[in-house]
Amino acid sequence: MRFWTMGLALLGAMALAGSATAQTPPAPPAITRTLLAATKLPTVTDTPRYFKAVSVALQPGEKSQVTAAAGILYQMSGTTEVSLGGEIKLLSGGEALFITGGIPATLRTGGAGPSSLLHFFILPAAERDSPVESSPAAVKELFQTSAPIPDLQPVPYDLTLTRVSFPARMPPNPPHYRSGAALYYILSGVGANTVNGTTRDWGPGSLIYEPHGLVHQWGNPGDEPLVFLAFNINPEGVAAVLPGAPAKKE
């Protein structure tokens, strides 16, 4: 009888443990961030700086010279052979590469099909309207800041391109702002951006500029992951995203 009682107690404990496990909600999917390319800029205050983004298309067998300042290439589709400073790098879809300003770079389709890229720049004022890739590349300007990037400091900066994924149905994250500035490009999904209490949805191909001090939130109201690129500058040693709002200037 004693062993029978103990057996019942053990079975009851196991049933309770199983019930508790079954009722524990699964952890929500996490935001993922993949750093694609990065470099350091020793100064960004010697001249006003602007963000610019263009799309670049190369047909099979075509090649183009990069003629603009520092920036980051992102391969959308196809492959591109990049010759830079005597080295050759083959970019496949989803890969990125920093291109140093002032160093000759050549882009050439790397396969039998066409190549499609995005090129993000941080340009000095004197180069805002200069060509960025030479003919025969088909270049389309997607975005350019109309005013210089504000509130840059006389310190070194990190320049990065990161691919970010928000899970489906993710509610808005807490209010935050950039320590430097960022330019977003939506690859897929829908992003809900809230600024000053107003929310706007952004779909694939959208570009969103976030200067320093812009307090905002991001969420994903859709049923699919939101995937976007973040072209970002932030002071070296300072987080790219800071919580809350910046301190008011006296």
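This is a short tour of a predicted model, stop by stop, for use with a viewer.

The model is predicted, so local features need pLDDT of at least 70 and side-chain atom pairs count only at pLDDT 80 or more, while totals for chains, interfaces and linings use all residues. Residues are numbered from 1 along each chain as its sequence is written, and side-chain values use heavy atoms, with hydrogens and water left out.

**Stop 1**

Strands here are DSSP runs of E, at least two residues long, numbered from the N terminus. Two strands count as paired if DSSP finds at least two bridges between them.

Zoom in on S1 and S11. They pair in the antiparallel sense over nine bridges. Pick Thr32: its bridge partner in S11 is Ser165.

**Stop 1: Phe166**

Stay on S11 and select Phe166. Is Phe166 buried or exposed? At 3% relative accessibility, Phe166 counts as buried. The cut-offs are under 20% relative accessible area for buried, over 50% for exposed, and in between for partly exposed (1.4 Å probe, protein chains only). The C-alpha atoms of Phe166 and Arg33 are separated by 9.2 Å, although the two residues are 133 apart along the chain.

**Stop 2: aromatic pairs**

Show the aromatic rings. Rings of Phe, Tyr and Trp (its six-membered ring) pair if their centres lie within 6.5 Å; planes under 30 degrees apart count as stacked, over 60 as edge-to-face and the rest as tilted. By this rule there are eight aromatic pairs.

Select Phe143 and Tyr209. Their ring centres are 6.1 Å apart and their planes stand at 45 degrees, so the pair is tilted. The pair links distant parts of the chain: Phe143 is in S10 (residues 138-144) and Tyr209 in S16, 66 residues apart. Tyr209 is partly exposed, with a relative accessible area of 21%.

Next, select Phe166 and Phe228. Their ring centres are 5.5 Å apart and their planes at 90 degrees, so this pair is edge-to-face. Phe166 in S11 and Phe228 in S18 are 62 residues apart. Both residues are buried.

Then show Phe51, Phe120, Phe143, Tyr209 and Phe231 together. These form one aromatic cluster.

**Stop 3: the sheet with S7 at one edge**

Select S7, S4, S9, S2 and S10. This is an open sheet of five strands in the order S7-S4-S9-S2-S10, with antiparallel pairing. S7 (96-99) and S10 are the edge strands; each has a single partner, so one side of each is left without a neighbour in the sheet. Neighbouring strands are turned by 25 degrees against each other on average, direction ignored.

Focus on S4 (residues 71-77) and S9. They pair in the antiparallel sense over six bridges. Gln75 has Leu117 in S9 as its bridge partner.

**Stop 4: a hairpin**

Move to S14 (residues 191-195) and S15 (residues 198-202), an antiparallel pair with five bridges. The bridge partner of Thr194 in S15 is Thr199. Two residues lie between the strands of this hairpin, and Asn196 takes a positive phi near 55 degrees.

**Stop 5: two pockets**

A pocket is an open set of points on a 1 Å grid over the protein atoms alone, where a 1.4 Å probe fits, with protein on both sides within 12 Å along at least five of seven lines; lining residues have an atom within 4 Å of a point. Volume is the space filled by probe spheres set on the points, which are joined across faces, edges and corners.

The largest pocket holds about 280 Å³ of space. Of its 17 lining residues, Arg33, Val164, Arg178, Tyr184 and Val241 are the closest to its centre.

Finish at the second largest pocket, with about 220 Å³ of space. Among its 15 lining residues, Leu41, Pro42, Thr43, Arg49 and Ala70 lie nearest the centre. S1 gives the largest share of the lining, three residues.

Notes. Helices (H or I, at least four residues) and strands (E, at least two) are DSSP runs, numbered from the N terminus. Axes are lines fitted to C-alpha atoms, for helices over the stretch in contact, and angles run from 0 to 180 degrees between N-to-C directions.
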